[in-house]
Amino acid sequence: QVQLEESGGGLVQAGGSLRLSCAASGVIFSSYDMGWFRQAPGKEREFVAVISWGGSRTNYADSVKGRFTISRDNAKSTVYLQMNGLKPEDTAVYYCAVTTFATRQGRSWGQGTQVTVSS
C-alpha cells in the first residue's frame, strides 16, 4: 500500500518561495505519475500540477503556471513542488497523490502540509 509524506510547508510573505517534498513508500514509485493538489479553507481540493512517471511531461493549473515547478527524483522516490512568487491566494493545505496524468485525478493521498502566504 502506497504511503506518501509531504513536508516543506510553512509561513512565507507574498513574493517568497517554498519547496515542498513528498516521499513515497510501499510502491514502485517510478511506475506512477504523481501530482500535487491543494485545498484552501472552505473550498474543494483542486489540482495544482502533475508529472509523468519518467519526469518528461508536466502539466499545471492555470493559476500556478509560470510560478510553480513540479519535479521528481525516482532514485529517492520523491516528488517536489517548487513554488515561487507566492500569493496570499496560494494559502492552502498541499497534498501529493498518485495521479492519472490525462485526467488529473488523484488517489492515495498524503496527509498534507500547510502553506500560508501573508500579504
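Predicted model: local features only at pLDDT ≥ 70, side-chain atom pairs only at ≥ 80, totals over all residues.
**Entry 1: Arg 38 and its partners**

Arg 38 forms a salt bridge with Asp 90, and the closest N and O atoms are 2.9 Å apart. I then looked up where the two residues lie. Arg 38 belongs to strand E4, whereas Asp 90 sits in the loop between strand E8 (78-83) and E9, so the pair ties together parts that are 52 residues apart in sequence. Asp 90 has a relative accessibility of 1% and counts as buried. Arg 38, at 6%, counts as buried too.

I next checked Arg 38 for another partner. Its side chain also meets that of Glu 46 in a salt bridge, at 2.6 Å from N to O. Glu 46 is partly exposed, with a relative accessible area of 36%.

Which residue does Arg 67 meet in a salt bridge? I found that its side chain meets that of Asp 90, at 2.7 Å from N to O. Arg 67 lies in the loop between strand E6 (58-60) and strand E7 (68-73), and Asp 90 in the loop between E8 and E9, so this pair ties together parts that are 23 residues apart in sequence. I noted that both Arg 67 and Asp 90 are buried. Through shared partners, the salt bridges join Arg 38, Glu 46, Arg 67 and Asp 90 into one network. I recorded four salt bridges for the whole structure.

**Entry 2: The disulfide**

I then turned to the cysteines. The count comes to one disulfide. This disulfide joins Cys 22 to Cys 96, with 1.8 Å from S to S. Cys 22 lies in strand E3 (residues 18-25) and Cys 96 in strand E9 (residues 92-100), so the bond ties together parts that are 74 residues apart in sequence.

Are the two cysteines buried or exposed? Cys 22 is buried, with a relative accessible area of 0%. Cys 96 is likewise buried, at 0% relative accessibility.

**Entry 3: Aromatic pairs**

I looked up the rings next and noted three aromatic pairs. Phe 37 and Trp 109 form an edge-to-face pair, with 4.8 Å centre to centre and 75° between the planes. The pair links distant parts of the chain: Phe 37 is in strand E4 (residues 34-39) and Trp 109 in strand E10 (residues 105-109), 72 residues apart. Phe 37 counts as buried at 5% relative accessibility, whereas Trp 109 counts as partly exposed at 32%.

Trp 109 also pairs edge-to-face with Tyr 95, at 6.4 Å centre to centre and 85° between the planes. Here strand E9, which holds Tyr 95, is linked to strand E10, which holds Trp 109, and the two residues are 14 residues apart. Tyr 95 is buried, with a relative accessible area of 14%. I noted finally that ring pairs link Phe 37, Phe 47, Tyr 95 and Trp 109 into a cluster.

**Entry 4: Charges over rings**

What lies over the face of Tyr 95? I found Arg 45 there, at 5.0 Å from the ring centre.

Note on methods. Residues numbered from 1 in each chain as written. Heavy atoms only, no water. Disulfide = S-S within 2.5 Å. Helix = DSSP H or I, 4+ residues; strand = E, 2+ residues; numbered from the N terminus. Buried < 20%, exposed > 50% of the residue type's maximum accessible area, 1.4 Å probe, protein only. Phe/Tyr/Trp six-rings, centres within 6.5 Å; stacked < 30°, edge-to-face > 60°. Lys NZ or Arg CZ within 6 Å of the ring centre and 35° of its normal.
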